[in-house]
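Have the model open while you read.

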Amino acid sequence: MVVGPDNVPYDGARRGGETALEGAAFYDSSINYGRTYRLQSDASIFTAELFAILQTLKYILSLRPQLSVILYDSRSALESISGLSSPPSRPLIIQILEECFSLRARGYELGYQWIPSHEIPLPYSDFISRVKLRSQVKWSEWWETTCQQKAKWYHGVCGTKLATPWFSGVKDTRKSWWSHVEMGPPDAILGVTEAYKRDTNPKKINLGVGAYRDDNGKPFVLPSVKKAEDKLRAKGLDHEYAPIGGSAEFCNLSINLALGDGSEIVKNGLNATLQGISGTGSLRIGGAFLAQFFPGNKEVYLPTPSWGNHTPIFKHSGLAVKQYRYYDPKTCGFDFQGSLQDIAKIPERSIILFHACAHNPTGVDPNPEQWAEISHVVKQKNLFPFFDMAYQGFASGDVAKDAFAVRHFVKEGHEMVLTQSYAKNMGLYGERAGAFSLIAGSKDEAQKTMSQLKIIVRPMYSNPPIHGARIVTEILSDAALKAELTDVKGMADRIISVRAKLRDNLKKEGSQRDWSHITNQIGMFCFTGLNPQQSEKVTKDFSVYLTKDGRISMAGVTSKNVEYLAHAIHEVTNSFRYLTPEGPKPTLTRVGPDATWKHHKQVNDLGFGHGRSLAK
Amino acid sequence: MSTRFSKVRLGPPIQTFALNQECVDDAHPQKVNLTIGAYRTDEGEPWVLPVVRKTEMQMAADEKLNHEYLPVLGLESFSSAATSLLLGADNAAILEGRAFGVQTVSGSGAIRVGAEFLARHVLHYGTFYTSSPTFINHALLFLSAGFVEHREYKYWDDNRRTLDLEGYLESLREAPENSVVVLHACAHNPTGCDPTHEQWEKIADVIEERNLFPFFDTAYQGFASGDLDDDAWAVRHFVNRGMELVCAQSFSKNFGLYNERAGNLTIVLKDKKHLEAVKSQITLTVRGMYSNPPNHGGRIVATILNNPQLKEEWKESIRTMANHILSLRSSLKERLQRLGTPGTWDHITSQIGMFSYTGLTRQQVDHLKEHYHIYMLPSGRISMCGINSSNIEYLSQSIHNTVLLYPNNERKHKL
């Protein structure tokens, strides 16, 4: 296969201005396929050239041919990649080197060949001229349409169409409401899924998403949910509006599930419980309520790390967000001492968030004794606990056990807020069933709180979606179906068993590292302890997709892929070929010149070089 | 232990819901509930559209469906079908790829997301205009989303019981640049009175001239006139003029999916190069509010809109509902005219959609509630859906008696 990249400024010179067409392209002669890219207007030609090479490499990586040769007409770009000029410092060059390294590490052959641009092979030059033509057409169209109004004066002066836009380098002042909207950062987890979908490796594994999968890697609809849905259909219910606070029966069943049947709190009417749009929506209601009414210090303290969405939810609600220590990277376990020290330093009358069980993303929970101690300190410091319970029953398979922390705090007399989600324990992800509760000091207070919660919901979405809540109600109010919450036990047990299998297989691979945290952690997620470099490598070289913090979703692990996964993890944590924290780091931001140089030499030793290999 | 929330005061009840509750609790056998905007059959019962039932059955039988998360911006097949329904599938904005939809928690959720996007994170718009009178929740939605200044444009001429176009345009001419103007695409809530095509053109002129930003709300597409295209005329007119806008769509009424919360936010841009950036910002807004929208209602709507046969059945149901309401309007008007009730009642049939602004005074409304157990909003807004063949006689006679007892001019003396 021969692939040629090129930068495609349409008449050979750099253009400024928003609509100028600085671009990059590559072409694959073997299948007559090419792609073009548009770059930011302030990109230099050199950047465009490097960008084209990088895109070409990514393309090659996606196809994985045994031998590829890249033909290129920019000598300066090739020279800087091969290091003839100076140690690389440009991020693009480093990225290119990484891609090459990754390709070579997998045993693919890769060569570069400089070619004078006027001797471009035929199909390739055809492609270039097609791209150039398209650019010209675009500019012509623009000239024809816009110059009728906005640039009439210019049209009058010049008469004929120019080869380059007249507004090159001029800021575009045309009225549009959105031109200053900047691109928001992509969602890290979503990005992982996208990359996974593109990968063609049959052995690929997606460990990014937090949704349960069965042992065949397929989504799982709980048998009890199916039964509940059948019963609901038989009832032929209407689709009338739910009250603002949602279904009262649903709310009642939810708080009883959390606190245990016959709870004094519910009996005495001390809870204000409202149906929310699953966990996130409930958190948002809680955040908004506290931002408005919390009489103390309006700051929420989150564990480090916490679920990524906690911070934006509370910030959008109008609360300040701060942290307390939680996870210890050395032990991959709970930092009990650190937590207590930090909690003791939190200003009195602040809000503190706890994951009720199955901490996301670490899977690390305090044990009952530690919870008791935390409760003590929280009371001493007069902090206000906010419990997020997204995995009740899913962690241990036992709803009461998973609610230990919440129930203990209630028993100790804390007032608190609590959010519940049925996404995981009933597999109702997309149906958005959840609940928000505030446990108040008196019945009167709970009622007043309820009235204010409704005022928060009404101008947010008016009233909640009912389908999921009806399913939950059907299950929790039916003794037979509730007993079948054994479904959740089945899910929990599968997760617990793959944790053990992963640990065993790592041992079989001969790993010397301590992997006991894999089985000590609980719930959907496991913090493997892989550093960002290792996480990246395990993705690149083994098609195992996970977030950069080393978090894997245990739901993506099955009895079929666990061996391969263990092998991959062992390879990146053990093999000398992979850069450990002590070695040179190929990440873009943290590179020092020396480290880069070493890394780069290593790449060259592996056979990468300017014009070394040729396809005739 | 000292209690933390003792300072929380009891919030005021939400008017519509409170009145509805009052009516539900009323034991009078002839009570009439005209408060809530949800369709009722002639027997006064909620109506699940046959095509919705059928689709739900099909979905239940489909083993491939599951309850997995939808994307943050919702089901793609839903949002693109919703946007096409609004703009027309062959609309230039769609063909040029500069219009897109976001699945939301029904119409209210769409307004909240749209308003939060405009106010809080990016554009920092602070002033919004709603019609006077307006759907109460509009003001609350915008203020909670971060808007700071609420102004009203004139809309309803109380004496002539019709649109006050001159006042309308005058208020818009005085609006500061970049103000967001909330427009009801059809079946204005609560007056039921819509601008004509010519009037819409004039409104669009001023909005364009003053560089205001149009924010449409359409909760009744197809439900108002029985014709999906007619009811979308105003939005399409703005888009065809090349204006940028957002539009909140609800499928509560026209699909009868009130409690499934199926809605869409359509965004039309001038240039598709800003599309990805706008999408990314809306993603952030949604992620911090409820993460991703509810699946069930969205899937029902998507299934129906993307299947030509089901879509035809749905259109048939919409016509049934629209015609039922139109016939209620004319029969209420006829009865009042036959009784010789003082005042003109032509506005009952010239108004459109679920609601009618009767023009009854506060005193008359109170009397109707206390004496006849007929519940409506203090503004005199009635939901046409609360009327049926068994209560229309009682209702018209009660209105007649009340207007005779408290003549309209008495109110003018007080003013």
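1. Start with chain B: the centres of its domain 1 and domain 2, taken over C-alpha atoms, are 29 Å apart. Domain 1 of chain B covers 15-48 + 323-405 and domain 2 covers 69-306; bounds like these come from an automatic or database domain assignment.

2. A word on ground rules. This is a predicted model, where local features need pLDDT of at least 70 and side-chain atom pairs count only at pLDDT 80 or more, while totals for chains, interfaces and linings use all residues. Residues are numbered from 1 along each chain as its sequence is written, chains are lettered from A and ligands numbered from 1 in the order in which they are written, and side-chain values use heavy atoms, with hydrogens and water left out.

3. How do the two domains of chain B meet? In contact (heavy atoms within 4.5 Å) are 20 residues of domain 1 of chain B and 17 residues of domain 2 of chain B. They bury about 1500 Å² between them, with 62% from carbon and sulfur atoms; buried area is the accessible area (1.4 Å probe) that two parts lose on being put together, summed over both. On the domain 1 side of chain B, Ile352(B), Phe355(B) and Tyr357(B) supply 38% of the area buried against domain 2, more than any other three residues.

4. The rule finds zero salt bridges between domain 1 and domain 2 of chain B, a salt bridge being a side-chain nitrogen of Lys or Arg within 4 Å of a carboxyl oxygen of Asp or Glu. It does find six residue pairs in polar contact across that interface (both at pLDDT 80 or more). A polar contact is a pair of N or O atoms within 3.5 Å; within protein, one must be able to donate a hydrogen and the other to accept it, and residues adjacent in sequence count only if both atoms are side-chain atoms. Strand 11 of chain B brings the largest share of the domain 1 side, three residues. Helices (H or I, at least four residues) and strands (E, at least two) are DSSP runs, numbered from the N terminus.

5. Now the two chains together. What area is buried between chain B and chain A? About 7100 Å², of which carbon and sulfur atoms give 57%. The contact draws on 87 residues from chain B and 81 residues from chain A. In chain B, Arg4(B), Phe5(B) and His67(B) lose the most area to chain A, together 13% of what that side buries.

6. Between chain B and chain A the rule finds four salt bridges. One of them links Glu63(B) with Lys226(A), whose closest N and O atoms are 3.7 Å apart. There are also 39 residue pairs in polar contact across this interface (both at pLDDT 80 or more).

7. Chain A has three domains: domain 1 (23-136), domain 2 (188-218 + 487-577) and domain 3 (248-386 + 426-469). Eight residues from domain 1 of chain A and 10 residues from domain 2 of chain A make up the contact between those two.

8. Leu377(B) is worth a click. It lies in the loop between strand 12 (374-375) and strand 13 (381-383) of chain B. Leaving out residues up to four places away in sequence, Leu377(B) touches Thr16(B), Leu19(B) and Val365(B). Its relative accessibility is 6%, so Leu377(B) counts as buried (under 20% relative accessible area, with exposed over 50% and partly exposed in between; 1.4 Å probe, protein chains only).

9. Finally, the backbone. Most residues other than glycine have a negative phi, and most peptide bonds are trans. Thr304(A) and Pro305(A) are joined by a cis peptide bond, omega about -5°, and the bond from Ser132(B) to Pro133(B) is cis with omega near 0°. Pro133(B) sits in the loop between strand 3 (127-132) and helix 6 of chain B. Ser278(A) has a positive phi near 55° and is buried, at 2% relative accessible area. Ser291(B) has a positive phi of about 70° and is buried at 3%.
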